[in-house]
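Visitor: I'm new to this one. Could you show me around and tell me how you know what you say?

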Amino acid sequence: MLIAANDVASEDRVAALEAENAKLKRINAALMGRVERSTDLQGNAFSVFETAISLEGKVRERTADLEHALGELAASNAALGHARDAADSARRRLGDAIESINEGFAIFDAEDRLVLCNQTYLSLWPSIADRIVPGARFEDIAGAIGDSGASLGAMVAPGRWISERVALHRVASGGHVIALADGRWIQVNERRTSEGGVVGVYTDITDIRAEDARERARELAERALVLQGTLDAIPQGVCVFDRDRALLAWNDPLLALLNLTPATAKTRIASHDALAEWCRSVLPGGVDADCLDWLGEGEVTAVRGLADGRSMEVRLLAMPSGGMVMSFDDVTDRLRAAEVLRETNETLELRVAERTAELRREVVERVAVEAALRDAKTAAEQANLSKTRFLAAASHDLLQPLNAARLFVSALAARRLAPENRQLVLRSASALDSIEDLLEALLEISKLDAGAITPDVADVGLSDLVQALRGEFAPMAAARGLALEVESTDVWVRSDPRLLRRILQNLVSNALRYTAEGVVSMSVRRSAGEVVIAVADTGPGIDPAHHEEIFEEFRRLDTGPSRGIGLGLAIVQRAGRMLGHPIGLDSAPGRGSVFSVTAPLAAMGVRSPVPVAVVQRRGIGARAVLVIDNEQSILDGMRAILESWGCRVITAIDEAAARRALAASGDAIDVILADYHLNDGVTGDDAVAGIRRDRARAVPGVIITADRMPDLRDRLVAAGLHVLQKPVKPAQLRALLARLSG
């Protein structure tokens, strides 16, 4: 198309040059005629001469212009010749390229007229090839194909085929297949050109279609083999008839039942009627017409007894295509087995009844056992609850006299005594400390075993915990001449803060107790999402043979400078098991011991603790203290120790007595110390709340209790009260009163 456009442009230019050349010739002829007329009229030789000179110059100019125009014309003619040669060469190459491809090729312009095509395209339509020429419209070509019946579709419905073919050509957006009348298959792929025309490629796919047909036939043959194999694998005799009642397929069991061979089957049972007739002859005495008739729809199953004693099951099944499937099954053995089973069932009914009666007896016995188990469980739960209540009561009853004794000994130690008497007082205090440790350990072991302690797991910062342990055990370490090294840390773990503190307290206490000289250290290290807190000492070490033994109750090794009660490590092991914190031990004689507890790392991992401002507070002298306790000995002990510290003390056995004592004294009180368990089920927090209601300002309240349950402590703290555990340590009481005096 580009070459044709260049040819048109060159011809236009040649025509323009020729027109200008003719114009110049007319001008030249006019000038020459004018000169001749001027000579005839004037006859003046000089004028003629001048005119000739003037005309000569103009002629020369015009001649030069003419020569220039002729030169341009010659160049244009030469370019036009080259362009024509190039166009011819390109047209020949395009024609050769189109002819060289195996597919049919045709191109139509924007007006849907044929521009060119190759011989392969023409060979597709041999009967109308002379009518397929450049300039022919596609609709005319499609109409000629349809009228000639060159395709199968055109042979069936020419008009419809032509309209559909023209519509597909106009869309030109993909490929479609045309079946030719001579058996060939053509795939047509048409696409739009940039100028709005259509390019079509016609590929002969006859071989591909033939291969597909062969593959389809192969698949059908394989399916037929599979179907025949399936039929032969069925134990019943099966045969299939088409809608015309002709035999389509059968299996080997059918031939065995009907006494046939593959060769005789094609003639003996070639149709349904022949099969029915053959069955009446080879299966006498039971197979009648009603179970062999042709079945138009549904399914029929019939069992017939044969003359030879066999039982034959005949099943008819109508197929959706109009055919029918018949099956023959020898059910003699099955029926005999069913009869034997029926007889067996009848004999088993009595046995089943007997067994049912036995099972009922067993069920009754099992129900009785389950009821007994439930009663035992209820009794165990009640016993456990009673044990828990007993522990709470025992804690109060056992620690009350111990608390009074500690208060009296502390008050006595604050007085001036002779050295011998002071030594006796100090030994009494030490004995009370041992009794207190023993009672606390026993109560704690009992609560752990009874399940009375429930872990309250939260994120725990180890910084405050290890610093508190350093402050708690530094005096004990100094008294023994040991160095206590506690590593600072900002790691957080997931644990119960009270139980974790108790574990570490027992480990540090044991290390200080069994180390004669050297160092006791506590370290913290992280490892794979866990935190290992280790307590190491330079003591005598523990033989590996005793590593498990030392975690049992009241197990003590005589390897240290002092002896414990043998419950500290038992508490450590139980608390660690409750929290899911493994307890580790690395020790050998002569190289000290390392006890460790492993806790999971908290989600926050590491977080610096918030520094707490230190507040200076004044002493506790001249404080007015109200003490409420239902034991007179406790009141006397409290009065003795508090007055030795310079406090004004008011004592009462209950809230009513406290109100009377306050009204009689008329003094304002600064602190209320109340026992938790008072008379008649009244608790100390209730008494404090009642007295607070009469005060103009909120008076600090301290509850003293032997109950170590975490939920009780949390409830009291939430009510704005302070809590001290029995037996009360005078140092703890004095420190708390000093803190409340600010």
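Visitor: What share of the contacts between residues at least 6 apart in sequence joins residues at least 24 apart?
Guide: That share is 56%. A contact here means heavy atoms within 4.5 Å. Keep in mind that this is a predicted model.

Visitor: What is the chain built from, in helices and strands?
Guide: There are 20 helices and 22 strands. The chain has 742 residues, and 37% of them count as buried.

Visitor: How confident is the predictor in the chain?
Guide: The mean pLDDT is 77, and 77% of the residues reach 70 or more. Among the elements, strand E1 (residues 104-108) has the highest mean, 91, while helix H12 (residues 419-450) has the lowest, 59. Over residues 1-6 the pLDDT is below 50, and this stretch has six contacts in the model beyond near neighbours in sequence. Residues 610-618 also stay under 50. Where pLDDT is low, the predicted coordinates should not be read in detail.

Visitor: Which residues of helix H10 are buried?
Guide: In H10 (residues 272-282), they are His272, Leu275, Ala276, Trp278, Cys279 and Val282.

Visitor: Why can you say that the buried residues of H10 line one face of the helix?
Guide: Look down the axis of H10: its buried residues fall within an arc of 165°, so they line one face. The face turned away from that buried side carries the exposed residues Asp273 and Glu277.

Visitor: What do the buried residues of H10 pack against?
Guide: Their partners are strand E6 (237-241), helix H9 (262-268) and strand E10 (324-330).

Visitor: Why is Arg304 called partly exposed?
Guide: Buried means under 20% relative accessible area, and exposed means over 50%. Arg304 has 22%, so it counts as partly exposed. You'll find Arg304 in strand E8 (residues 299-305). Its C-alpha atom is separated by 8.9 Å from that of Cys291, which is 13 residues apart from Arg304 along the chain.

Visitor: What makes the nonpolar surface patch of about 320 Å²?
Guide: Leu152, Met155 and Val156 make that patch. Leu152 lies in helix H5 (residues 152-156).

Note on methods
Residues numbered from 1 in each chain as written. Predicted model: local features only at pLDDT ≥ 70, side-chain atom pairs only at ≥ 80, totals over all residues. Heavy atoms only, no water. pLDDT = per-residue confidence, 0-100. Helix = DSSP H or I, 4+ residues; strand = E, 2+ residues; numbered from the N terminus. Buried < 20%, exposed > 50% of the residue type's maximum accessible area, 1.4 Å probe, protein only. Arc of directions from axis to C-beta. Patch = residues over 30% accessible without salt bridge, like charges linked within 9 Å, V, L, I, M, F, W, Y side chains within 5 Å. Areas by Shrake-Rupley, 256 points an atom, 1.4 Å probe, with all protein chains shown as cover. Salt bridge = Lys/Arg side-chain N within 4 Å of Asp/Glu carboxyl O.
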